[in-house]
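Me: Please walk me through this structure feature by feature. Give me the general idea, then the case at hand.

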Amino acid sequence: MIKIAGIILISLLMIIILKQTKREFALILSIACAVILFVTVADDFFSISQRIFDLSTGIDNLDTYISLLMKILGISLIAQFIVDLCRDAGENALASQTETASKILILMMTLPLFETVVNIITGLLK
């Protein structure tokens, strides 16, 4: 965490200084910092997801749901990253459209899970 905080603080100071003189370079630095942080944390994310998949191997059909959960988490993290970059660039409309698109994509991915839950409930009621 100290490494990440150091990257953020140094980048933030440089961005603040650059915004006063060269705004376009500040945006490029902001994007570069975000990518570096994303890559730094991605290794931890993959190790966590691997541990979760290892825990679920003994339970039937759980790996499908965990896979879905990981995909949804990945979509939401990437979407948030893109939305923040759009807002930093002053493109609020594009950021809002990205949020909407990611929500629709997540909804589409969860429909099979919702159908399974409805089938289980209707099966119990019969």
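Predicted model: local features only at pLDDT ≥ 70, side-chain atom pairs only at ≥ 80, totals over all residues.

Me: Where is confidence lowest, and where is it highest?

Reply: pLDDT is the predictor's confidence in each residue, from 0 to 100. Where pLDDT is low, the coordinates should not be read in detail. The protein chain averages 85, and 99% of the residues score at least 70. Helix α2 (residues 23-55) is lowest, at a mean of 82. α4 is highest, at 91.

Me: How far does α3 reach from its first C-alpha to its last?

Reply: The expected span is 1.5 Å times one less than the number of residues. α3 has 27 residues and reaches 39 Å, close to the 39 Å expected.

Me: Which residues of α3 are buried?

Reply: Buried means under 20% relative accessible area, exposed over 50%, partly exposed in between (1.4 Å probe, protein chains only). The buried residues of α3 include I66, L68, I72 and V83. Their cover includes α2 and α4, judged by contact (heavy atoms within 4.5 Å).

Me: How many salt bridges are there?

Reply: Side chains of opposite charge can pair when their charged atoms come close. A salt bridge here is a side-chain nitrogen of Lys or Arg within 4 Å of a carboxyl oxygen of Asp or Glu. The count is 1. E99 pairs with R87, their closest N and O atoms being 3.5 Å apart. E99 lies in helix α4 and R87 in helix α3 (residues 62-88), so the pair ties together parts 12 residues apart in sequence. E99 is partly exposed, at 24%. R87 is also partly exposed, at 37%.

Me: Which residues form the nonpolar patch on the surface?

Reply: Patches take residues with over 30% relative accessible area and no salt bridge; like charges are joined within 9 Å, nonpolar side chains (Val, Leu, Ile, Met, Phe, Trp, Tyr) within 5 Å. Here they are Y65, L113, V117, I121 and L125, with about 460 Å² of accessible area together. That area comes from the Shrake-Rupley method with a 1.4 Å probe; for residues, only the protein chains shown count as cover. Helix α4 (residues 92-125) gives the most, with 4 residues.

Terms used. Residues numbered from 1 in each chain as written. Heavy atoms only, no water. Helix = DSSP H or I, 4+ residues; strand = E, 2+ residues; numbered from the N terminus.
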